[in-house]
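This report describes the fold, the sheet, the nonpolar core and the charged pairs of a single protein chain. Please keep the sequence and the structure in view while reading.

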Amino acid sequence: VQLQAFGGGLVQAGGSLRLSCAASGRTFSSTSMGWFRQAPGKEREFVASVTWGMVNYADSVKGRFTISADNAKNTVYLQMNSLKPEDTAIYYCAGSSNFKRATRTQEYDYWGQGTQVTVSS
């Protein structure tokens with residue numbers, strides 16, 4: 001199973017980006033799909049997850065980010081609006097086979113390669 005994240009880039013504060021994560025390879029049945037991010041010098045942190053239509057967000061992104069999934073395309077999206085400089089990080093998508101509403105890195109089995117998001121002030 002491979003997860004490929006793309007859609008990152010450079011955007012000004014207040015702008016928007018949409019990240020995509022496509023799953024490929026053998027049949028992959030995920031319980032949760034999630035997005036995490038890691039800024040330089042910081043630990044990887046939870047951003048959002050979706051479990052059978054139920055969504056979960058970190059407090060820092062509530063009201064600004066929206067996670068969604070297209071099961072027919074094996075793709076999960078992260079719409080990011082009202083971006084702030086503190087959102088700058090490498091964003092990773094991940095899949096969990098066993099955990100509902102997974103928010104911890106250790107609950108995820110598969111990881112994408114990451115895509116850089118840079119928000120300028």
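In what order do the elements of the protein chain run from the N terminus on? The model is a predicted one, and in it the elements run β-β-β-β-β-β-β-β-β-β-β, in keeping with a count of zero helices and 11 strands. The radius of gyration of the protein chain is 13 Å, close to the 14 Å that the globule rule gives for 121 residues, and the chain is therefore as compact as a globular protein of that length. Along its principal axes, the C-alpha trace spans about 40 × 25 × 25 Å. Of the 121 residues, 44% count as buried, and among the contacts with a separation of 6 or more, 58% are made by residues 24 or more positions apart.

**The open sheet**

Four strands, in the order β1-β3-β8-β7, form an open sheet whose pairing is antiparallel. The edges of this sheet are β1 and β7, each of which pairs on one side only, and the twist from one strand to the next averages 15°. Within the sheet, β3 and β8 pair in the antiparallel sense over six bridges, and R18 stands opposite Q79 in β8.

In soluble globular proteins, nonpolar side chains tend to be buried together. Here the largest nonpolar core has 32 residues, of which W35, V47, F65, I67, L78, M80 and Y91 touch the most other members. At least two residues of this core come from each of β1 (2–6), β3 (17–24), β4 (32–38), β5 (45–51), β7, β8, β9 and β11 (115–120). V47 illustrates how such a residue is surrounded: leaving aside its neighbours within four places in sequence, V47 is in contact with W35, F36, R37, N56, Y57, A58, V61, F65, L78 and Y91.

**Salt bridges**

Side chains of opposite charge can pair when their charged atoms come close.

| E45 | R37 | 2.6 Å |

In the pair of E45 and R37, E45 counts as partly exposed at 35% relative accessibility, whereas R37 is buried, with a relative accessible area of 6%.

Where do D87 and R64 lie along the chain? D87 lies in the loop between β8 (75–80) and β9 (89–96) and R64 in the loop between β6 (54–57) and β7 (65–70), so the pair ties together parts that are 23 residues apart in sequence. Both partners count as buried, D87 at 0% relative accessibility and R64 at 11%. Salt bridges that share partners join R37, E45, R64 and D87 into one network.

Methods:
Residues are numbered from 1 along each chain as its sequence is written. This is a predicted model: local features need pLDDT of at least 70, side-chain atom pairs count only at pLDDT 80 or more; totals for chains, interfaces and linings use all residues. Side-chain values use heavy atoms; hydrogens and water are left out. A salt bridge is a side-chain nitrogen of Lys or Arg within 4 Å of a carboxyl oxygen of Asp or Glu. Buried means under 20% relative accessible area, exposed over 50%, partly exposed in between (1.4 Å probe, protein chains only). A nonpolar core is a set of buried Ala, Val, Leu, Ile, Met, Phe, Trp, Tyr and Cys residues joined through side-chain atoms within 4.5 Å. Contact means heavy atoms within 4.5 Å. Two strands pair if DSSP finds at least two bridges between them. Axes are lines fitted to C-alpha atoms, for helices over the stretch in contact, and angles run from 0 to 180 degrees between N-to-C directions. The radius of gyration is taken over C-alpha atoms; the globule rule is 2.2 Å times the number of residues to the power 0.38.
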